[in-house]
Amino acid sequence: QVQLVESGGGLVQAGGSLRLSCAASGRTFTRYAMGWFRQVPGKERDIVAATGSSMYYTDSVKGRFTISRDYAKNTVYLQMNSLKPEDTAVYYCAARNSGYPVGSYDYWGQGTQVTVSS
């Protein structure tokens, strides 16, 4: 059974940094895409960044967020710098049965709250 467990969320002031981690178990995703999504109440869950056969970043986080992977640990990270209040959301880790980073995802974590105060 695949499990994705996020950690690293919390409360930070605008301009600060956080690093999210997502540890996968039950399967190795070495050749498959993993990504980070975020959702605010009343809105759809949107992709933030993903990595697989290529990398993807949504425009609003380019230059501020960096996605990376530790293949030995089956873990994906999201380094978030220069955080803004509009980055406040629940962040979800996800994985899919494809190497292409954009598309529908098959496995999801439980989410971790990120709150950026102004």
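This report describes a cavity, a strand hairpin and a group of aromatic rings in a predicted model.

A search of the whole structure finds 1 cavity of 30 Å³ or more. The largest cavity has a volume of about 30 Å³, and its lining is made up of Phe29, Thr30, Arg69, Asp70, Tyr71, Asn74 and Thr75. Sorted by class, that lining holds 2 nonpolar, 3 polar and 2 charged residues.

Arg69 and Asp70 also belong to strand β7 (residues 65–70), where the side chains alternate. Strand β7 runs antiparallel to strand β8 (residues 75–80), joined to it by 6 bridges. In this pairing, Arg69 stands opposite Val76 in β8. The two strands form a hairpin with 4 residues between them, and Asn74 in the turn has a positive phi of about 55°.

The structure has 4 aromatic pairs. Two of them are listed here.

| Ring pair | Centre distance | Plane angle | Type |
|---|---|---|---|
| Phe37 and Tyr105 | 5.1 Å | 75° | edge-to-face |
| Tyr105 and Trp108 | 6.3 Å | 55° | tilted |

Phe37 lies in strand β4 (residues 34–39) and Tyr105 in the loop between β9 (89–95) and β10 (107–108), so their pair ties together parts that are 68 residues apart in sequence. Ring pairs link Phe37, Tyr105 and Trp108 into a cluster. Both Phe37 and Tyr105 are buried, with Tyr105 at 9% relative accessibility, whereas Trp108, at 34%, counts as partly exposed.

Arg45 lies over the face of Trp108, at 4.8 Å from the ring centre. Arg45 also lies over the face of Tyr92, at 3.6 Å from the ring centre.

Definitions and conventions:
Residues numbered from 1 in each chain as written. Predicted model: local features only at pLDDT ≥ 70, side-chain atom pairs only at ≥ 80, totals over all residues. Heavy atoms only, no water. 1 Å grid on protein atoms, 1.4 Å probe; cavity = no way out; pocket = protein on both sides within 12 Å on 5 of 7 lines; lining within 4 Å. Points joined across faces, edges and corners; volume = space filled by probe spheres on them. Nonpolar A, V, L, I, M, F, W, Y, C, P; charged D, E, K, R; others polar. Buried < 20%, exposed > 50% of the residue type's maximum accessible area, 1.4 Å probe, protein only. Pairing = 2+ DSSP bridges. Phe/Tyr/Trp six-rings, centres within 6.5 Å; stacked < 30°, edge-to-face > 60°. Lys NZ or Arg CZ within 6 Å of the ring centre and 35° of its normal.
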